[in-house]
Amino acid sequence: MLADAADEVLLVVRAHDTQSLDPANMSEFLSVFAKNVTRLFLKGHCFDHGYTAIMLGHLSEVHVHLISGKEPMSIGGNVTDKMRARCLKRMQCLVRLALEVCQADWPQL
């Protein structure tokens, strides 16, 4: 989920990181950002596509790793709805905070 959020933030950063950026267009970039993170995290679509969906696909299978000098470790298997809900709830807090910061700096959002 953090990778999906970082990807959305990176789009805004790249838009800012030009000499030719018109400040009037800033609210347009932030509106797209707000729409995308709302859809992904507040509406829960991050489980359908993107980095989160890819990782959930990987985690649906058990992967065993042998670490030198230690017992075998495994990751994956059963990603429950409760786990998804707990992680999504944390991301929703971060997204709400980010949207409030955007709203404070650009009230027209």
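Trainee: Leaving aside its neighbours within four places in sequence, what is Q92 in contact with?

Mentor: Beyond those neighbours, Q92 is in contact with F41 and L42, where contact stands for heavy atoms within 4.5 Å. This is a predicted model, in which local features need pLDDT of at least 70 and side-chain atom pairs count only at pLDDT 80 or more, while totals for chains, interfaces and linings use all residues. Residues are numbered from 1 along each chain as its sequence is written, and side-chain values use heavy atoms, with hydrogens and water left out.

Trainee: Where does Q92 lie, and is Q92 buried or exposed?

Mentor: Q92 lies in helix 4, and helices here are DSSP runs of H or I with at least four residues, just as strands are runs of E with at least two, both numbered from the N terminus. Q92 is buried, with a relative accessible area of 16%; buried means under 20%, exposed means over 50%, and partly exposed is in between, using a 1.4 Å probe and protein chains only.

Trainee: Okay, new topic: which residues touch the most other members in the largest nonpolar core?

Mentor: That core has 18 residues, and M1, V37, F41, C46, F47 and L88 touch the most other members. A nonpolar core is a set of buried Ala, Val, Leu, Ile, Met, Phe, Trp, Tyr and Cys residues joined through side-chain atoms within 4.5 Å. Helix 1, helix 2 (26-42) and helix 4 (81-105) each supply at least two residues of this core, and helix 2 gives the largest share, seven residues.

Trainee: And what does F47 touch, not counting residues up to four places away in sequence?

Mentor: With those residues set aside, F47 touches M1, T52, A53, L56, R84 and L88.

Trainee: Switching to the strands, where is M73 found, and what does M73 touch?

Mentor: M73 is found in strand 2 (residues 73-75) and is partly exposed, with a relative accessible area of 47%. Not counting residues up to four places away in sequence, M73 touches H63, V64, H65 and I67. M73 and H63 are 10 residues apart in sequence and 8.3 Å apart in space, C-alpha to C-alpha.

Trainee: So what about H63, where is its place?

Mentor: H63 has its place in strand 1 (residues 63-65), and is partly exposed at 29% relative accessible area.

Trainee: Last one: where does P107 lie, and how many residues apart in sequence are P107 and S27?

Mentor: P107 lies in the segment after helix 4 and counts as exposed, at 56% relative accessibility. P107 and S27 are 80 residues apart in sequence, while their C-alpha atoms are 9.2 Å apart in space.
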